[in-house]
Amino acid sequence: TEVMQQLQANDTGIVVEVAQRLRSLSRAEVPFSIHSMRGGKHDDLDVLHDWMRDPAQPTVLSVTVDQLGSRLLFRGYGVRNTIYPMTAGLLGTDTLIVLQEARASQSFVDTLRELGRYRSWAERPVPYPFQVTEVRALPPGNPDDSTALCYDPEHDLDIGSKARGSKAVKLAKTAKSRDDFATVIADEARRLGKMLPHGGIVGVIVNTVDSARKVHAQLQSVVGPPEKSEIYVELQTGRMRPMDRIRLQREREATSATTKLRYVVATQCVEVGSEFSFDALVSEIASLDALQQRFALLRSDETCPGACRGSILALSKQVDKETTHARIYGTAPYRTWMWLNGRSRLAGKEKPVDMSVAAVHADLPATVDGLLSPARLAPVLLPATLDLWAQTSPIPQTDPTLSPWLHGYDPKR
């Protein structure tokens, strides 16, 4: 949206030339159109398919893995099978796909690369490009991966205070059970909230939906209903339906005038594309790449760089044994905890660790594989599988489910 505003507001220089060239592709009034596809129920199908009206119009789509992947593979979620080929053709031709924080969708990256390879098999190959670019907070496991963009402290000097400003974070371990862990996290969030005399937003990010709901209930029971308090508590999880998001937005708008302090309890769904910027943040221990994404949302306080407005909490059983396998992050939480504790004890005594992007990159070990989330691999995309999906009317009786190619193979399912 900001790019669009710049293209329309400027009347001199290279910006005008770029805007004119974009308009010349479709003769439209705007340089490019902006649309989003995020699933859920759509009452207005014209809005759902609006991005398809002019194939020549340069378009920016904000889209989820499910919505994009299902359309590329001829099985678009929420659309009729009569337009499966249209969506696959439009999204698979003359397209640049940018995956923000690709660690969360490595299996989809693998599938996209297979699709790109099969494009060259055609008797008459399509001359238009199909490019995939990954954006990561930390270097990829493969150092030779030329399609991955990540922060380079030697060259990316102008990315703002989110990268350079100090973000002091406290490490704390508790021996309490998982049921009591929610109480510990809620108490820590309240402690940080009291450190904000002028109010603000306190983020609480945990690893599971169940934990998020428990922490939300704990905080809600203390602060009371929002209409009777200056404190508002909201819950953000990946399982929220579009109608839940609309309800939450309306509640947020209704209480914005009276709310002084806001607690946002969430899962890792806020790590990518989040609309929040937190004044304080509590996080459950996770892999280093996940923590890097979470603390990128924490505002740095350059007026008081030593202020500790962040916490990373862990259960003893999460970090006491290397053989511990977290449900989501494998052994990465244990190894990340050991690495963070090593950083905090560099001066001979425990102290807060700096979780700013620049500080983390400066201290990274030679290999980071053990600190990162385990990648879930996608099955090999065989030509026969793609041929089955390409049959859209009628759909074959043997119709492979898309999930393993979008989210990876899960041996437990």
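How many bridges pair strand β10 with β11, and in which sense do the two strands run? Strand β10 (residues 280-284) and β11 are joined in the parallel sense over four bridges, where strands count as paired if DSSP finds at least two bridges between them. Helices (H or I, at least four residues) and strands (E, at least two) are DSSP runs, numbered from the N terminus.

This is a predicted model, in which local features need pLDDT of at least 70, side-chain atom pairs count only at pLDDT 80 or more, and totals for chains, interfaces and linings use all residues. Residues are numbered from 1 along each chain as its sequence is written, and side-chain values use heavy atoms, with hydrogens and water left out. The predictor's confidence in each residue, pLDDT, runs from 0 to 100; the chain averages 80, and 78% of the residues score at least 70. Over residues 41-47 the pLDDT stays under 50, and the model has four contacts (heavy atoms within 4.5 Å) beyond four places in sequence for them.

Strand β11 (residues 308-315) is mostly covered, with eight of its eight residues buried; buried means under 20% relative accessible area, exposed over 50%, and partly exposed in between (1.4 Å probe, protein chains only).

Helix α5 (residues 84-91) has Tyr-84, Thr-87, Ala-88 and Leu-91 as its buried residues. They lie on the same side of α5, because they cover an arc of only 100° around the axis, taken from the directions from the helix axis to the C-beta atoms. Their cover includes β2 (59-63), α4 (65-72), β3 and β4. Helix α4 is itself largely enclosed by the rest of the structure, because seven of its eight residues are buried, among them Val-65, Leu-68 and Leu-72. Phe-74, which follows α4, has a positive phi near 65°.
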